[in-house]
Amino acid sequence: MPSRQRLLAAALSAFLLVATLVGLSGPAQAADDEPHIYGYVTGKTRADKKHKATTVAASTMTVRLFRSDADDTGWTYLREVKVKSSGIYDVATDGAGRYHLQLVDSRPSYDVDSWARIPDVPVDVTADGAVKNVTARIGGALYGTIKAAGKKAPASLVRAISDTGQIYEVVTDRQGKYALGGLPLDNYRVYAYDGKKRRVGASKLVRAVTSLSFRGASFNLKTRPSAYRGFLRLGGRLATKAVTVTAVNNRTHEYWVQKIEGGALSLRGLTAGSYTLTVPDTGGYFGTTAQLAAVKAGQTRSVDVDLSTRAGTFTGTVVDATSGNPIPNVSIRLKDAKGVTQQELTASAAGTFTIGGTLRAQTGVTIEIFAYDKIGEYFYDARTFSGLSIVDNQTLDLNTISGDTTTGGAKVIKLARTPSTPAPVTPAPATRLPTTTVPGVTTSDVPSADVPASTMPSGS
């Protein structure tokens, strides 16, 4: 799989599992004055003997926003919005730059009329924002019956993985039947797993699934499953927070994802073979990729993983330069050596913060300390620490670097009060988007933007 496809696959795989497998921190919030991306998401309905295909608002779609890094080789998830009933979406960015959109239908995976997932819509955003219209298409669908040792297998899992690494899943009904819709044009490797994890079987390759197509793939599972069991440790201690690991069969590329809790590493229901296990960064420790010894049908092997390298962090205490009192809830932003924002958080009520735990060792890191608005009675001047080095397994005290001390001699970071209240900013006159006539779509709540009508793309 090409490197860019692997990046895309990783992002898509992560979001397939958000709701059911892993607890993630809430999406980052953008400041209200940052530029927006917005536009229409429309598609054509399925035609039948009585009705022609018509263009409608794809209002069941969700738009996910990713920020691109400086080389456009890696993405960071920011936030998501739902498409409105009018077909319009409007998502705030974190400033000018390159972004990527992914669009996913929120309808159940067994709905064969679901819009196909749109994995990558690149968008270049200026200070005035960007307009990006997107055209959705009804996806292809798989269907079939799953049996285990000749008997119908209800609650079995059916997983389809595209050549580009996108993952789709559905569970069979009481009769062991399934339908899996919303599939983009691609080839798919299809697996089925007995819900009771008593039987597994060989995968099937379904080629050239196209929009509106129906392709059959049924299974009779006969083989006893294999398993790995062991522990996940962080610096020699059992991992306490939930983390999601991935195991891929080295021969068939069968893809397993498992939520690990309390350090109990357990992968069950596998087909025979050797696996590559990927553990992501977690608990401030860098993740790893390990090759697991091959398992035979019905065999269980032991596996233990200990993450030993911690990501570097920065700490500090922010106080009012005049009163010496802590400034609560002031914002702290971490930028990497390329100037890309990697993390933003707020200081505690006592003005203390710890930021980092995600970046590999590097020089040229920047920490920005600022307030979006008044804190208490005052505005504050921002403070920037540039050219910092982040080192694995070390914590850097910004209080020492600042050179500031309280009257009692304690090292701190002081922020000066802004001499006067900033004048309100009057936005430039906005130019409304041109009225576009689309059946089933209205423009009554299109957001305004300083974007000339001639720049509005007509499609994705």
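The model described here is predicted, and its residues are numbered from 1 along each chain as the sequence is written.

**Alanines with positive phi**

- Ala155 is found in the loop that lies between strand E11 (151-152) and strand E12 (157-162), and although it is not a glycine, it has a positive phi of about 60°.
- Ala208, by contrast in setting, is found in strand E16 (residues 204-209), where it has a positive phi of about 50° although it, too, is not a glycine.

**Aromatic pairs and clusters**

- The structure holds eight aromatic pairs, and one of them is formed by Tyr191 and Tyr193, which are stacked with 6.3 Å from centre to centre and 15° between the planes.
- Tyr191 counts as buried because its relative accessibility is 3%, which is under the 20% limit, and Tyr193 counts as buried at 4% relative accessibility.
- Tyr193 also pairs with Trp256, and because the ring centres are 4.5 Å apart and the planes stand at 65°, which is over the 60 degrees required, this pair is edge-to-face.
- Tyr193 belongs to strand E15 (residues 186-193) and Trp256 to strand E22 (residues 255-260), so their pair ties together parts that are 63 residues apart in sequence.
- Both members of that pair, Tyr193 and Trp256, are buried.
- Elsewhere, Phe66, Trp75 and Tyr77 form one aromatic cluster.

**Arginines over rings**

- Arg159 lies over the face of Trp256, at 5.2 Å from the ring centre, and Trp256 is the residue whose ring also pairs edge-to-face with that of Tyr193.
- The charged end of Arg117 sits over the ring of Tyr168, at 4.3 Å from the centre of that ring.

**The open sheet**

- Four strands form an open sheet in the order E22-E21-E24-E25, and their pairing is antiparallel.
- The edge strands of this sheet are E22 and strand E25 (288-295), each of which pairs on one side only, and the twist averages 25° from one strand to the next.
- Strand E24 (residues 273-279) is joined to E25 by six bridges, and the two strands run antiparallel; within this pairing, Gly273 has Val295 in E25 as its bridge partner.
- Strands of a sheet pair through backbone hydrogen bonds, and they do so either parallel or antiparallel.

**Asn249 and its surroundings**

- Asn249 lies in strand E21 (residues 243-249), and with a relative accessible area of 1% this asparagine is buried.
- A polar atom in the side chain of Asn249 lies 3.1 Å from the backbone nitrogen of Thr252.
- When its neighbours within four places in sequence are left aside, Asn249 is in contact with Glu254, Thr271, Ala272, Gly273, Ser274 and Tyr275, and Gly273 among them is the bridge partner of Val295 in E25.

Note on methods
This is a predicted model: local features need pLDDT of at least 70, side-chain atom pairs count only at pLDDT 80 or more; totals for chains, interfaces and linings use all residues. Side-chain values use heavy atoms; hydrogens and water are left out. Rings of Phe, Tyr and Trp (its six-membered ring) pair if their centres lie within 6.5 Å; planes under 30 degrees apart count as stacked, over 60 as edge-to-face and the rest as tilted. Buried means under 20% relative accessible area, exposed over 50%, partly exposed in between (1.4 Å probe, protein chains only). A charge sits over a ring if NZ of Lys or CZ of Arg is within 6 Å of the ring centre and within 35 degrees of the ring normal. A polar contact is a pair of N or O atoms within 3.5 Å; within protein, one must be able to donate a hydrogen and the other to accept it, and residues adjacent in sequence count only if both atoms are side-chain atoms. Contact means heavy atoms within 4.5 Å. Two strands pair if DSSP finds at least two bridges between them. Axes are lines fitted to C-alpha atoms, for helices over the stretch in contact, and angles run from 0 to 180 degrees between N-to-C directions.
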